[in-house]
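Colleague: I have not worked with this structure before. Could you show me how to read its main features?

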Amino acid sequence: MMKKITYLLTGMFLFVAVNVVKAQASQECNIKYNLFKGNYVTKKYAEAKVDLEYLLTNCSKLSVNIYKLGAKIANRTNDHTLAKKIYEGRLVNFPNKGAAKAHSEYAKYLIKHKLASSDEVFLILEKAYKISPKEMSVKNIFRYFTGITEKYKDTDPQKVFDTYDDVIESVQEKLDDYNVKIAKLQAKEEAGTIDSKEKKRLKAYTINSGSLGKVEGGLDAMISEIATCERLIPIYKRDFDANKTNGVWLKRSVSRMYNKGCQTDPLFETLAKAYADATQSADAFNFIAGVLDNNGDKKGAAQMRKKAFDLETDPLKKARLKLREAQGARGSRARALAYEALKYNPNMGKAYLYIASLYQKSANSCGSDEFEKRMVYVAALNKALKAKRVDPGCGAGRYISSYKKLVPSKKLIFQKGVSSGMSHKIGCWIGETVRIP
């Protein structure tokens, strides 16, 4: 009996002792963690590194912030050994918390300090991409796609196309998110109710959106060299039977042929019909409307566009459908449709850019002399500037740069006998009043 009691007491003692040790260790971890954060905030990086080393060794699962802040300390102190230890430790202890971003940031670190070859960096970016392209930095998205293009453009162009589509979809999701956030904050700014924190967020969203827009333009330029009709059509003919019920493949194939102007080939109609059959989606029906238009069935095309538009519920996607319809029209009708798109997404920069391009094309026909013709570019410039303001990621910069070169010079304004700041009514179908620059 005494032996049993002794055994039980010993067990209880050990249980209590172990838990006391665990509690003490946990308490020590929390103390070190708070000291670490305090030293980081006050920029005492040498002191923070001492606590960081303790945390990495003894409290590796306490918080993912150990690794997030630790990576910043390693970067600021150029401690390459520590950077690697943090990167690898985070993936072991927090594999499901921002792993894609961790890969992306480590790749950036390696590039900055020239610690790895292009192939080694590419492999890390590939890991990030496979987890979540949305978590990658803007530059790393571009780097990864550049690597894919260089590696596969001749041997497997379809892989380049698929990667482009994945990346662009991720970029578009980010741009849409920024578009909505910017619209809300700009409304508060115009109403005078925006606070200082919101102003900072608006500035950050504007910068990030603009950077993403540049990536989108860069990716488009890169894919344009590869995705020609001569290259696309044989590939899609070859792969059609294996993918004729694959909605994602069909959507991407139809979209690429449309964007590259390959609609006159019979394959486009085949792909569009298969896409509609497979998905019954608004996007697919909109492509069918284009096919009907090309075949001369204007009434059928109009009905199909209405069907597509009514089926869509997302206002941002409704706006895109209207803009695509506008791009198939001309003059005032095209502008009216672009403005309809803006009713569903007032911050759709590409709609303003499309109106600007319509004005540009009419410059020679909407003026009786050089001054009046160049004033059309002022109207185009105003639309491009509006596009950039409401939608920094829409790629308005090159339009603005182009139109600025074409507005009336001071000499031409003087010769016309008018003054800067005066109103000028543009004639023909444009019918807009603008300020003389």
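Colleague: What radius of gyration does the chain have, and what would a compact globule of 437 residues have?

Modeller: Keep in mind that this is a predicted model. A compact globule of 437 residues would come out near 22 Å, but the radius of gyration of the chain is 29 Å. The spans tell of the outline: along its principal axes, the C-alpha trace extends over about 110 × 60 × 45 Å.

Colleague: How many helices and strands does the chain have?

Modeller: There are 20 helices and two strands in the chain.

Colleague: How do I read the contacts?

Modeller: Look at how far apart in sequence the partners lie. Taking contacts in the chain between residues at least 6 apart in sequence, 60% join residues at least 24 apart.

Colleague: What share of the residues counts as buried?

Modeller: Of the 437 residues of the chain, 45% are buried. The accessible surface of the chain is about 24200 Å², and carbon and sulfur atoms account for 54% of that.

Colleague: Why does S362 count as buried?

Modeller: Buried means under 20% relative accessible area. S362 counts as buried because its relative accessibility is 10%. S362 sits in the loop between α17 (349–361) and α18 (370–390). Leaving aside residues up to four places away in sequence, S362 touches W429 and I430.

Colleague: And the charges: how far apart are the mean positions of the positive and negative ones?

Modeller: The chain has 77 positive and 47 negative charges, and their mean positions are 6 Å apart.

Key:
Residues numbered from 1 in each chain as written. Predicted model: local features only at pLDDT ≥ 70, side-chain atom pairs only at ≥ 80, totals over all residues. Heavy atoms only, no water. Helix = DSSP H or I, 4+ residues; strand = E, 2+ residues; numbered from the N terminus. Rg over C-alpha atoms; globule rule 2.2 N^0.38 Å. Buried < 20%, exposed > 50% of the residue type's maximum accessible area, 1.4 Å probe, protein only. Contact = heavy atoms within 4.5 Å. Areas by Shrake-Rupley, 256 points an atom, 1.4 Å probe, with all protein chains shown as cover. Lys, Arg positive; Asp, Glu negative; His and termini not counted. Charge placed at Lys NZ, Arg CZ, Asp CG, Glu CD.
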